[in-house]
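Thanks for coming. I have one structure to go through today, and I will keep it short.

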Amino acid sequence: MELRTIVPLGKTNLSISHQEPLLLLGSCFTENMGNKLIENKFTADLNPFGILYNPASIRKALSFLTAPKEFTPVHLIEHGGLCHSFMHHSNFSLASQAECLQLINSRQAEASALLKKHLCC
């Protein structure tokens with residue numbers, strides 16, 4: 001009795017190389033794989049919105065990257081002495097509203113430029 005499902009995998013036309021930069025969006029698995037790629041000298045922009053766990057958040061992040069809009073104070077909430085964005089992981093939460101927005105907007109600009117230059121749009 002076979003207690004596993006064997007799924008034959010064919011060869012794909014997709015590949016990655018050290019010559020092309022990568023944009024990785026997703027969960028902590030993405031963080032771990034992205035760090036391994038970076039350790040192995042790949043150029044990668046890793047989670048410019050921080051860790052995202054669901055497809056809807058990833059889709060929304062991609063829409064922000066393909067049509068960048070600057071985040072402003074109206075996009076932030078303050079709680080527990082920190083400024084937070086509902087679009088970003090808590091790694092982006094800072095005490096200073098100006099520093100929080102600067103980090104959010106600079107990461108978005110970097111990732112948007114990479115996407116525009118190398119992938120699409």
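Before the surface figure, a word on terms: accessible areas here come from the Shrake-Rupley method with a 1.4 Å probe. On that basis the chain exposes about 8,400 Å², and carbon and sulfur atoms supply 58% of that area. Please keep in mind that this is a predicted model.

Now the overall layout. There are three helices and four strands in the chain, and reading along the sequence gives the order β-α-β-α-β-β-α. The radius of gyration is 17 Å, well over the 14 Å that the globule rule gives for 121 residues, so the chain is more spread out than a compact globule. Along the principal axes, the C-alpha trace spans about 55 × 40 × 25 Å. As for burial, 32% of the 121 residues count as buried. If we take contacts between residues at least 6 apart in sequence, 48% of them join residues at least 24 apart.

On charge, the chain carries 10 positive and 9 negative side chains. The centres of those two sets lie 9 Å apart.

Next, the hairpin. Strands β3 and β4 run antiparallel and are joined by four bridges. For orientation, β3 covers residues 76-79 and β4 covers residues 82-85. Within this pairing, Leu76 stands opposite Ser85 of β4. Two residues sit between the strands, and in this hairpin Gly80 takes a positive phi near 60°.

Lys69 lies in the loop between α2, residues 55-66, and β3. Which residues does Lys69 contact, leaving aside its neighbours within four places in sequence? Those are Phe64 and Gln108. Ala109 is 40 residues away from Lys69 along the chain, yet their C-alpha atoms are separated by 9.4 Å.

Last, Thr30, which is placed in helix α1, residues 28-39. Thr30 counts as buried because its relative accessible area is 13%, and the cut-off for buried is under 20%. Not counting residues up to four places away in sequence, Thr30 touches Leu24, Leu25, Leu46 and Asn47.

That is what I have on this one. I will take questions now.

Notes:
Residues are numbered from 1 along each chain as its sequence is written. This is a predicted model: local features need pLDDT of at least 70, side-chain atom pairs count only at pLDDT 80 or more; totals for chains, interfaces and linings use all residues. Side-chain values use heavy atoms; hydrogens and water are left out. The radius of gyration is taken over C-alpha atoms; the globule rule is 2.2 Å times the number of residues to the power 0.38. Buried means under 20% relative accessible area, exposed over 50%, partly exposed in between (1.4 Å probe, protein chains only). Contact means heavy atoms within 4.5 Å. Lys and Arg count as positive and Asp and Glu as negative; His and the chain ends are not counted. The place of a charge is taken as NZ of Lys, CZ of Arg, CG of Asp or CD of Glu. Two strands pair if DSSP finds at least two bridges between them.
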